[in-house]
Amino acid sequence: MRSLFVRIFLWLWLAMAVVAALLVITSPFFTKSRPALESWHESAETWASGRAEAAARQIAEGGVDGLRMGRGQGRGGPGGPHPPARVFVLDEDGVDLHGAPVPPEVVDVARQAASTKVEQTHREGAFYLVARPVVDPDGRLLVVVAAHHSPPRLVNLLEPKALAWRLAVLVVVVGGLSFWLARYLSSPMGALRRATRRLSEGDLSTRVGGRVVRRRDEIGQLARDFDAMAERIEALVGSQRRLLGDVSHELRSPLARLVVALELARARAGDAAGELLDRIGQEADRLDRLIGQLLLLERLESGGAEGEATPVDLGRLLSEVADDAAFEAAAEGREVRFDAPEGVVVDGRAELLRSAFENVLRNAVRHTPSGTAVEVELGISDDEVEVAVRDHGPGIAEDELDRVFEPFYRVQEARERATGGVGLGLAIAARAVRAHGGAVSAANHPEGGLVVTVRLPKR
């Protein structure tokens, strides 16, 4: 039985079969002793017998005309096919003395009583009849039939006390089978859900494993496919990271030789070549910074940037980073405003945190218009420290806010190229913050501009 569909079908079918079997097995108990129903039978018989006896006595003493009328008793009228409670007076042929219509059951029991000259009783469902033969003062043989038609109440049929233990057994048995089936289906789904969540959070070593992958149904196949997919993704991402790291390392050597050759050329060349050599030097510096960012990103992705955490005065670190950014921004007519309380300390690696905030601040300075300021605020809550960096630029489309932290992702490619960005700064910042157990997010400010918020655990 490898098919999950077949298993579900068979277990549900088995549950219903068990319920049916228990009903069949316990069915004798439903009819063996039913006090409430027996009490209803006795009550109906007592009423019918008493009314027939009283009517027969009255007829024997004073004839049909001496029969007193009472509640539930009549000598004529249709009364319906099954009147709730009536007394009929019929001759020995089963004809009502007053010509009223008589139900067939009443006629039959009256004829039996007339032919046997003894009292007859008959019960058909909720219709209870007692027929008593009587001779009136004129010597005629008459039959008095007391009819009682009163269906038992639901409580008489169900017998709650008698059914309670049977219902309890059914609930326990069906509930046990249903619980086992629900656990059988939900447990592996929970393992798959947890593995999927860990993989989405970046843990590429996640595997379902265990008993789930050894199952021989659709869930087991899904778990094995998930593990194969996770292994393939880990291999692809690992090879990409290794390639990125290897290429970055390999570029360092020719870049270093290029810088040496540039200095030699600068010493030998005349003033006419100075401007061109300066341009080459600027591009070499830019290439060196890019390679440094790539190497840092590769270390963060692989966990190689981890070190011993020490207490870091976050206010002082942010002040230094803001001062450096303000110096660079002043050349473009921009400002950096920093507001922070004193004594805000977190556990972390100071240089890694510095790199994260430098990238966030430089990104904000690059995109805030000339004549505006980048605002940096440091706040403290009960269990975390929050740093908010806001620029006054055009902001980002809502559907791209999460993607700005992906490596090499550019929101507006032409603008990024114009400002020298390659899409690594915020990616490095996000990974550095996550390495400290924090989180980073981006949102558009209601009054314009982009706000990048960094949250770190409080010490």
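## A word on handedness

A helix crossing is called right-handed if the near helix is turned clockwise from the far one by less than a right angle, and left-handed if the turn is anticlockwise. With that in hand, look at α10 and α11 in this predicted model: their crossing is right-handed.

## The overall picture

The protein has 13 helices and 11 strands. Of its 459 residues, 38% count as buried. Taking contacts between residues at least 6 apart in sequence, 62% join residues at least 24 apart.

## The largest nonpolar core

The largest nonpolar core holds 42 residues, and L314, V336, F357 and V387 touch the most other members. Helices and strands both contribute: α10 (314–330), α11 (350–367), α13 (425–435), β8 (373–380), β9 (384–390), β10 (439–444) and β11 (450–457) each give two or more residues to this core. The biggest share comes from α11, with 8 residues.

Leaving aside residues up to four places away in sequence, F357 touches L314, L317, L318, V321, V387, V454 and L456.

## A closer look at α11

Helix α11 has 18 residues and reaches 26 Å from its first C-alpha to its last, close to the 26 Å expected at 1.5 Å a residue. Is α11 mostly covered or mostly open? The helix is mostly covered, with 13 of its 18 residues buried.

## Two partners for α11

Two packed helices are described by the angle between their axes and the distance between the axes. For α10 and α11, the axes come within 10 Å and cross at roughly 35 degrees. On the α10 side, the residues that meet α11 are L314, L317, L318, E320, V321, A322, A325, E328 and A329. Their counterparts in α11 are A350, L353, R354, F357, E358, L361, R362 and V365. Sorted by class, this contact has 12 nonpolar, no polar and 5 charged residues.

Helix α13 is another partner: α11 and α13 pack at an angle of about 145 degrees, with their axes 8 Å apart. Which hand does the crossing of α11 and α13 have, left or right? The crossing is left-handed. Here α11 contributes L352, S355, A356, N359, V360 and N363, while α13 brings G425, L426, I428, A429, A432, V433 and A435. By class, the contact of α11 with α13 has 9 nonpolar, 4 polar and no charged residues.

An α-helix has 3.6 residues a turn, so residues three or four places apart point the same way. You can follow that spacing in the α11 residues that meet α10, including L353, F357 and L361. The α11 residues that meet α13, among them L352, S355 and N359, are listed above too.

V18 lies in helix α1 (residues 4–25). V18 counts as partly exposed because its relative accessibility is 25%. Not counting residues up to four places away in sequence, V18 touches V173 and L177. Along the chain, V18 and V173 are 155 residues apart, yet their C-alpha atoms are separated by 8.2 Å.

## K117, a residue with positive phi

Most residues other than glycine have a negative phi. K117 has a positive value, with phi near 60 degrees. Where is K117 found? The residue sits in the loop between α4 (104–116) and β2 (120–124). Exposed means over 50% relative accessible area, so K117, at 52% relative accessibility, counts as exposed.

How values were computed:
Residues are numbered from 1 along each chain as its sequence is written. This is a predicted model: local features need pLDDT of at least 70, side-chain atom pairs count only at pLDDT 80 or more; totals for chains, interfaces and linings use all residues. Side-chain values use heavy atoms; hydrogens and water are left out. A nonpolar core is a set of buried Ala, Val, Leu, Ile, Met, Phe, Trp, Tyr and Cys residues joined through side-chain atoms within 4.5 Å. Buried means under 20% relative accessible area, exposed over 50%, partly exposed in between (1.4 Å probe, protein chains only). Helices (H or I, at least four residues) and strands (E, at least two) are DSSP runs, numbered from the N terminus. Contact means heavy atoms within 4.5 Å. Axes are lines fitted to C-alpha atoms, for helices over the stretch in contact, and angles run from 0 to 180 degrees between N-to-C directions. Ala, Val, Leu, Ile, Met, Phe, Trp, Tyr, Cys and Pro count as nonpolar, Asp, Glu, Lys and Arg as charged, and the others, Gly among them, as polar. The expected span of a helix is 1.5 Å times one less than its number of residues.
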